Amino acid sequence: DALRSEALWQVLQSTRFGLLWLVRMGLWMLLGLALWPAPQRPALYAFALVLGAALLATQSLYSHAAAAQERAVALLADWVHLLLTGLWLGGLLPFVVVIGALRRDIPVVTPVISRLVGYFSNYARLCVAGLMITGLYAGWLQVGSWAALTTTRYGTVFLVKLLLILPLLLLGAVNLLITQRRLGAGQTLWVGRLRSLLGAELVLGVAVLGAVGVMTAINPARNELQQREIAAAVPLPPTPDPFTELQMV
């Protein structure tokens, strides 16, 4: 019945949300078609990366950033934030898979994995630097004050997100400063520890994405605070006098 509803097709055909949803679904289908033959044609991976970036753009076009005053800058920052998140957190899972494959195929695996940790750490540092810049801008845009941060639901979830990111960054620092050196010294014990550390990063990353999902579904803190101020400034209607009526039947 829902699929036959006229309202559904009106939403898809005549609203901005519906058009963006259709574009997003089309990009998902193209992405799947590109990845299917990609193992035989590696050039398609680059095309799939472009499609993924375009997919994230459709998400930004219907985010809180789309309602900001500085719309162009806010949309660009939101898209870059999503893209860097995908590159960093999305890179953790294949990294775990690659470590398992290397342990099976290479007799002396620690020097190779040590180099991979170094490469991935440099790559992740660039992503984290960009995420901090775009994240601070988004925080200022959607929160904007200490009162909005501490007295609204959006601000509370934003704080939870920040608290989850801190141990995530700490684990990345451990891999960069300790794990890489121990692997370079040939300590094979750290191969297993590396996989555990990456697994913990994945769990924290999923939790961060969960917090972001909540933030996208509620009113931004700055808006909520402005609505409270407007409501407080509007005088309340006078309280009516009590009224009593008696009828004889």
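## Position of V212

In which helix is the place of V212? In this predicted model, V212 belongs to helix α8. V212 is partly exposed because its relative accessible area, 27%, falls between the limits of 20% and 50%. The C-alpha atom of V212 is separated by 9.8 Å from that of V160, although the two residues are 52 residues apart along the chain.

## Packing of α7 and α8

Two packed helices are described by the angle between their axes and the distance between the axes. For helix α7 (residues 153–184) and helix α8 (residues 189–216), the angle is about 165° and the axes are 9 Å apart. Angles over 145 degrees count as roughly antiparallel, and α7 is therefore roughly antiparallel to α8. The crossing of these two helices is left-handed. By class, the residues in the contact of α7 with α8 comprise 24 nonpolar, four polar and three charged.

## Packing of α3 and α4

Helix α3 (residues 43–60) also packs with α4, their axes coming within 9 Å and crossing at roughly 135°. The crossing of α3 and α4 is right-handed.

On the α3 side, L49, A53, L56, A57, Q59 and S60 take part, meeting L75, D78, W79, L82, L83 and L87 of α4. The residues of this contact divide into nine nonpolar, two polar and one charged.

In soluble globular proteins, nonpolar side chains tend to be buried together. The largest nonpolar core in this model has 25 residues, of which W88, I99, I113, L183, L194 and L198 touch the most other members. At least two residues of this core are supplied by each of α4 (71–105), α5 (110–142), α7 and α8. Helix α4 provides the largest share, eight residues.

Beyond its neighbours within four places in sequence, W88 is in contact with F120, Y123, A124, C127, V128, L131, L168 and L169. A second, separate core has eleven residues, among them Y154, V157, I218 and A221.

## T85 in helix α4

T85 lies in helix α4. T85 is buried, because its relative accessible area of 17% is under the 20% limit. When residues up to four places away in sequence are not counted, T85 touches G90, L131 and L209. L131 is also among the contacts of W88.

Methods: Residues are numbered from 1 along each chain as its sequence is written. This is a predicted model: local features need pLDDT of at least 70, side-chain atom pairs count only at pLDDT 80 or more; totals for chains, interfaces and linings use all residues. Side-chain values use heavy atoms; hydrogens and water are left out. Axes are lines fitted to C-alpha atoms, for helices over the stretch in contact, and angles run from 0 to 180 degrees between N-to-C directions. Helices (H or I, at least four residues) and strands (E, at least two) are DSSP runs, numbered from the N terminus. Angles under 35 degrees count as roughly parallel, over 145 as roughly antiparallel, 65 to 115 as roughly perpendicular and the rest as oblique. A crossing is left-handed if the near helix is turned anticlockwise from the far one by less than a right angle, and right-handed if clockwise. Ala, Val, Leu, Ile, Met, Phe, Trp, Tyr, Cys and Pro count as nonpolar, Asp, Glu, Lys and Arg as charged, and the others, Gly among them, as polar. A nonpolar core is a set of buried Ala, Val, Leu, Ile, Met, Phe, Trp, Tyr and Cys residues joined through side-chain atoms within 4.5 Å. Buried means under 20% relative accessible area, exposed over 50%, partly exposed in between (1.4 Å probe, protein chains only). Contact means heavy atoms within 4.5 Å.
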